Amino acid sequence: MFFTFLFIHVFVSLVLLGLIWTVQLVHYPSFHFVEKSHFVSFEAHHTFSISLIVLPLMIVELVSAFIILFEQNNTLLVLNFTAVILIWLATFTLSVPCHKILSKGKSTEAIDRLVKTNWIRTILWSLKTGFIITYALKHIVK
């Protein structure tokens, strides 16, 4: 059962890693190119659509990180779980407030803040994926 959750966690981590880098380098910066007259509907579409993709994956990531840590306490698994918690905190304390501002209209300052603060999540997801892949390689490939 442990290896099933580890596999799920590695898979979801890799999917979210690809997604966050795409959002960071392509999607969020492109907010600047949306016309003011269309921005509120664009932001509503973005937050609804991205939530359908990201939220279930983040929940699976959180649950699987907890299960594998509970099953086998290890420094890399502690670092991995800590990074997941920090990603959730950054999401709800940094990204969500920016999106709330943007839901009312286009704001160059809020877009810039969203791009800048999203580096925290991008770096955390990169590190945590490195932690879990290192763990998996050390414990599966012997």
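Which helix gives the most residues to the lining of the largest pocket? Hold that thought while the overall layout is set out. The structure is a predicted model, so local features need pLDDT of at least 70 and side-chain atom pairs count only at pLDDT 80 or more, while totals for chains, interfaces and linings use all residues. Residues are numbered from 1 along each chain as its sequence is written, and side-chain values use heavy atoms, with hydrogens and water left out.

The protein has 4 helices and 0 strands, and from the N terminus on its elements run α-α-α-α. Helices here are DSSP runs of H or I with at least four residues, strands are E runs of at least two, and both are numbered from the N terminus. The C-alpha trace spans about 55 × 25 × 20 Å along its principal axes. Of the 142 residues, 40% are buried, where buried means under 20% relative accessible area, exposed means over 50%, and partly exposed is in between (1.4 Å probe, protein chains only).

Now for the helices themselves. Helix α2 has 36 residues and reaches 50 Å from its first C-alpha to its last, close to the expected 52 Å. That expected span is 1.5 Å times one less than the number of residues. Helix α2 also has a kink of about 40°, centred on serine 51; the bend at a residue is the angle between axes fitted to the seven residues ending there and the seven starting there. The buried residues of α2 include Phe39, Glu43, His46, Met58 and Glu61, and what covers the buried residues of this helix includes α1, α3 and α4. Helix α4 (residues 108-140) has 33 residues and should span 48 Å, and its end C-alpha atoms are 47 Å apart, which agrees. A kink of about 25° in α4 is centred on tryptophan 119.

What about the inside? In soluble globular proteins, nonpolar side chains tend to be buried together. A nonpolar core is a set of buried Ala, Val, Leu, Ile, Met, Phe, Trp, Tyr and Cys residues joined through side-chain atoms within 4.5 Å. The largest one has 26 residues, and those with the most contacts inside it are Leu6, Met58 and Trp125. Helices α1 (2-30), α2 (36-71), α3 (75-102) and α4 each supply at least two residues of this core. A second, separate core of 11 residues includes Val23, Val34, Leu102 and Ile111.

A few residues show how the helices meet. Leaving aside neighbours within four places in sequence, methionine 58 is in contact with Leu16, Ile87, Trp88, Thr91 and Trp125. Tryptophan 88 sits in helix α3 and counts as buried because its relative accessible area is 18%. With the neighbours up to four places away set aside, tryptophan 88 is in contact with Leu55, Met58, Ile59 and Leu62. Beyond residues up to four places away in sequence, serine 13 touches Glu61, Lys128, Thr129 and Ile132. Over in helix α4 is phenylalanine 131, which touches Leu76, Leu79 and Asn80, again not counting residues up to four places away. Between phenylalanine 131 and leucine 76 the C-alpha distance is 5.6 Å, across 55 residues of sequence.

Back to the opening question. The largest pocket has a volume of about 460 Å³. Of its 22 lining residues, the closest to its centre are Ile50, Ser51, Thr91, Val96 and His99. The elements that give two or more residues to the lining are α1, α2, α3 and α4, and α2 gives the most, with 8 residues. On a 1 Å grid over the protein atoms alone, a pocket is an open set of points where a 1.4 Å probe fits, with protein on both sides within 12 Å along at least five of seven lines, and lining residues have an atom within 4 Å of a point. Grid points are joined across faces, edges and corners, and the volume is the space filled by probe spheres set on the points. Isoleucine 50 lies in helix α2 and is partly exposed, with a relative accessible area of 21%.

Terms used:
Contact means heavy atoms within 4.5 Å.
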